Amino acid sequence: QKLATQLRLPPGYLLSWGGSFENMERAMRRLRIIVPITIGLIFILLVASFNSVRYAALIMLNLPLALIGGIMSLWVTGQYLSVPASIGFIALFGVATLNGIVLVSYINKLRRDGLDDSAAIMTACTLRLRPVLMTALVALLGLLPLAFATGIGSEVQRPLATVVIGGLVSSTLLTLVVLPVVYGWFEERGEPAHP
């Protein structure tokens with residue numbers, strides 16, 4: 001941006017960026033294609049698994065909840081969106097989706113077993129709290145050393161770990177609060193739960 005405003009090249013000259021910056025730009029262009037495809041595939045698999053677009057959309061709600069923490073963690077640590085951070089978001093989407101599947105599938109099971117909506121939601125949140133927390137905690141503790149790395153390669157490890165850790169914190173906490181509330185809105189009284 002500084003060069004664009006301050007540098008005046010004579011006619012016939014041009015400026016091009018090469019090296020690692022050029023490689024990063026190329027990788028970011030590819031990620032702009034890969035990330036939407038990944039999210040689309042996750043959605044298709046969820047629809048196939050739950051036989052419901054609504055439940056798939058409900059579980060996909062975890063992705064923005066994970067994005068909040070990932071972006072905030074980059075901002076707090078003074079890092080920027082790089083290729084490793086983008087890859088961290090892809091990994092984060094997988095764990096956030098898994099947490100949503102664990103919760104929604106158990107709510108559906110309880111509803112099929114005869115509990116009403118609110119009782120099924122409360123029971124599922126209570127009984128699935130430990131598995132959801134354990135899933136997040138294992139990934140979080142595994143990536144914690146990378147977040148504080150300072151040696152060779154830390155410029156790749158730190159953004160990836162920072163995104164996943166921050167996203168897991170927000171996704172896990174908000175999954176246990178927002179997802180049950182939205183589930184209650186999605187369901188009509190007496191509607192049978194899908195498998």
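This is a predicted model: local features need pLDDT of at least 70, side-chain atom pairs count only at pLDDT 80 or more; totals for chains, interfaces and linings use all residues.
**Entry 1**

I opened on R54, which counts as partly exposed at 32% relative accessibility. For my own reference, buried means under 20% relative accessible area, exposed means over 50%, and partly exposed lies in between, with a 1.4 Å probe and protein chains only. R54 sits in helix 3. Helices here are DSSP runs of H or I with at least four residues, strands are runs of E with at least two, and both are numbered from the N terminus.

Residues are numbered from 1 along each chain as its sequence is written, and side-chain values use heavy atoms, with hydrogens and water left out.

I checked confidence next; pLDDT is the predictor's confidence in each residue, from 0 to 100. The protein chain has a mean pLDDT of 83, and 95% of its residues reach 70 or more. Helix 1 has the lowest confidence, with a mean of 75, while helix 4 has the highest, at 89.

**Entry 1: the core**

Which residues have the most contacts inside the largest nonpolar core? I found L46, L58, V104, I107, L168 and Y183, in a core of 38 residues. Such a core is a set of buried Ala, Val, Leu, Ile, Met, Phe, Trp, Tyr and Cys residues joined through side-chain atoms within 4.5 Å. Helix 2 (19-50), helix 3 (53-60), helix 4 (62-77), helix 5 (83-112), helix 6 (117-127), helix 7 (129-147), helix 8 (154-175) and helix 9 (178-186) each supply at least two of its residues. Helix 5 gives the largest share, 11 residues.

I went back to Y183 to list its partners. Leaving out neighbours within four places in sequence, Y183 is in contact (heavy atoms within 4.5 Å) with Y55, L58, V104, I107, N108, R111 and I121.

**Entry 2: salt bridges**

How many salt bridges are there in the whole structure? My search gave 2, taking a salt bridge as a side-chain nitrogen of Lys or Arg within 4 Å of a carboxyl oxygen of Asp or Glu.

One of them joins the side chains of R111 and D117, at 2.7 Å from N to O. R111, already noted as a partner of Y183, is buried, because its relative accessible area is 9%. D117 also counts as buried, at 9%.

Another pairs D113 with K109, where the closest N and O atoms are 2.8 Å apart. Here D113 is exposed, with a relative accessible area of 53%, and K109 is partly exposed at 35%.

I stopped at N51, which is not a glycine and yet has a positive phi of about 55°. Most residues other than glycine have a negative phi. N51 belongs to the loop between helix 2 and helix 3. Is N51 buried or exposed? It is exposed, with 54% relative accessible area.

**Entry 3: a nonpolar patch on the surface**

I was glad to find a surface patch made of L3, L7, L9, Y13, L15, W17 and F21, with about 710 Å² of accessible area together. Areas come from the Shrake-Rupley method with a 1.4 Å probe, and for residues only the protein chains shown count as cover. Patches take residues with over 30% relative accessible area and no salt bridge, joining like charges within 9 Å and nonpolar side chains (Val, Leu, Ile, Met, Phe, Trp, Tyr) within 5 Å. L7 lies in the loop between helix 1 (2-6) and helix 2, and L7 is partly exposed at 35%.

**Entry 4: distances I looked up**

L98, in helix 5, is partly exposed at 40%. From L98 to N62 the C-alpha distance is 9.4 Å, with the two 36 residues apart in sequence.

D116 lies in the loop between helix 5 and helix 6 and is partly exposed, at 42%. D116 and A85 are 31 residues apart in sequence and 42 Å apart, C-alpha to C-alpha.

L45 belongs to helix 2 and is exposed at 60%. The C-alpha atoms of L45 and A120 are separated by 24 Å, at 75 residues apart along the chain.
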